[in-house]
Amino acid sequence: MAFSQTLTTLFIFSLLSFCYAASGPPKLPKPKVIHFSIRKNETTLQYYVSYDSGYPQSATIIDALIDIGAPSVWFDCTSYVSSSYKRASCGSNRCKKAKGRSCIGCNSAPRPGCSNNTCGVFVYNPARDYSSIQELGEDTMRAYAIEGAYVWFDYEVPKFQFACADSAMAERLPGDYTKGLVGFARNEISLPSQISSAFKLAKKFALCLPSSNARGLGDIFIGGGPYYMLPSIEDQSLSLVTTPLVFNPIGTPRLQSDGELSYQYFINLKNIEISGKHVTFSPALLSFDKNGVGGTKISTTVPYTILHSSIYKSLVKDFIKEASLNKIKRLNSVAPFGACFDLHTVPNTITGPAVPNIDLILEGNVRMRLYGANSMVEAKKNVICLAFIDGGGQPTTSIVLGGHQLENYILEFDLTASKLGLSSSLLLQNTSCSQSRVY
């Protein structure tokens, strides 16, 4: 099926090329799925996307941190030059759509990010835990359409909204060339919302976070499947299991107005099992209290899953017990991890070190199984550690699922149905999220 689809796509591409030569530029077909690549910085353990803004007059490549819970797109506009850039005026429809908070001005020479009578929106830098009001603007960006397993065409996205920030806003963003941030939250000006609206696509997106860039890059799909992960020829969208996305009744402080439901992505985790045995902790921690405290959140900016102390201590204790039964030798802990082991006593498999499996049991009896590749990390040579962090006794969120635990799974966020689609580990199929799509 995949091979047939590829042949069909090649035929269409050849036909369009012939038409271009015969009668000028062809009208591109309406894209079914838009694609961006994900890079992992293996020093900062963060995930990034690169895109062109200002195209075609004077395109600037923007390297931006991926924050699945952030409501907007923003970048440092200090050196940004584009003749197609436009600011959003105070009180304009575009300002209202972005939930503009105030009217701002600037005392310096006019440029992108420095204008008067301009709509101001809140933006957030998770590296500094810092938010500020910045200028709302719009420009043309470039997006890519994927057909089957490969990217074929690029498209202009006019009037793409983003916050044009000052250099102070971008301070301490992880990565060598990071200029800003791309938000995926469920509001009107996040990246997937704007792309879906521009191309009239289904209101869904999927992430496939890579564990490494060595063999290729990860994926952002906007508009739905199919999802092909070579060398597998299976459409992964057909085997996703789903669990509800739930709303935290209390919005994100500093980014949302009082009374708004949270933009961020929460799921109902019911319990945790290690080798099929329940981990004991208070189930009340998995629900929200009247202040929005508790629950389970998905994050792309937290490298390792963070647990409420009582959950963490029970998980570590039970994991150590099961590891001992498997003759896995325990070693001294390596901060910030609480349980570490001798790699020489652990066989290796296609899903990583052969340690006890950890199952996250989600609403709908959905089981997200974490194998060694996602539950362990090599903290130093020949020492592997349980890749979970103690979040203390009073965290705002009881469980924050971090990037390491999400790598090499497909996570599909269906915003219309408010469901999370989840694949099994792609490693089981001898494939991964590291793909070569060819732009």
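User: By class, how many nonpolar, polar and charged residues does the lining of the second largest pocket have?

Analyst: Sort the lining residues by class and you get 14 nonpolar, nine polar and four charged. Keep in mind that you're looking at a predicted model. The pocket in question has a volume of about 550 Å³.

User: Which residues lie nearest the centre of the second largest pocket?

Analyst: Ala-373, Met-376, Val-377, Glu-378 and His-404 lie nearest the centre, out of 27 lining residues. Two or more lining residues come from each of these elements: strand E21 (348-349), strand E22 (352-353), helix H5 (372-375), strand E25 (376-380) and helix H6 (403-406).

User: E25 is a strand, then. How do I read the sheet that holds E25?

Analyst: Start with the general idea: strands of a sheet pair through backbone hydrogen bonds, and the pairing can be parallel or antiparallel. Now the case here: four strands form an open sheet in the order E19-E20-E26-E25, with antiparallel pairing.

User: Why is one side of strand E19 and of E25 left without a neighbour in the sheet?

Analyst: Strand E19 (330-331) and E25 stand at the edges and have a single partner strand each, so one side of each has no neighbour in the sheet. The antiparallel neighbours E25 and strand E26 (residues 383-386) are joined by four bridges. To see the pair in your viewer, find Met-376, which stands opposite Leu-386 in E26. Met-376 is also one of the residues nearest the centre of that second largest pocket.

User: What is the order of the open sheet that includes E15?

Analyst: That open sheet has four strands in the order E16-E15-E23-E24, and the pairing is antiparallel. Its edge strands are strand E16 (277-278) and strand E24 (366-370), each pairing on one side only. Strand E23 (residues 358-362) meets E24 over five bridges, again antiparallel. Look for Leu-362 opposite Val-366 in E24.

User: Which helix lies across E15, E16 and E23?

Analyst: Helix H4 (residues 309-325) does, running at about 30° to strand E15 (269-274).

User: How many cavities of 30 Å³ or more does a search of the whole structure find?

Analyst: Here's the idea: a cavity is space where a probe fits but cannot get out, whereas a pocket is open. The search turns up four cavities of 30 Å³ or more. In the largest cavity there is about 50 Å³ of space. Its lining includes Leu-269, Leu-315, Ile-358 and Phe-388. Elements giving two or more residues to that lining are E15, strand E18 (305-307), E23 and strand E28 (399-401). By class, the lining has nine nonpolar residues, one polar and no charged.

User: How many disulfides are there?

Analyst: In general, a disulfide is a covalent bond between the sulfur atoms of two cysteines. Here the count comes to six. In one of them, the sulfur atoms of Cys-106 and Cys-114 are 1.7 Å apart. The angle about the S-S bond of Cys-106 and Cys-114 is -80°, a left-handed link.

Terms used: Residues are numbered from 1 along each chain as its sequence is written. This is a predicted model: local features need pLDDT of at least 70, side-chain atom pairs count only at pLDDT 80 or more; totals for chains, interfaces and linings use all residues. Side-chain values use heavy atoms; hydrogens and water are left out. On a 1 Å grid over the protein atoms alone, a cavity is a set of points where a 1.4 Å probe fits but cannot get out, and a pocket is an open set with protein on both sides within 12 Å along at least five of seven lines; lining residues have an atom within 4 Å of a point. Grid points are joined across faces, edges and corners, and a volume is the space filled by probe spheres set on the points. Ala, Val, Leu, Ile, Met, Phe, Trp, Tyr, Cys and Pro count as nonpolar, Asp, Glu, Lys and Arg as charged, and the others, Gly among them, as polar. Two strands pair if DSSP finds at least two bridges between them. Contact means heavy atoms within 4.5 Å. Axes are lines fitted to C-alpha atoms, for helices over the stretch in contact, and angles run from 0 to 180 degrees between N-to-C directions. A disulfide is a pair of cysteine sulfur atoms within 2.5 Å.
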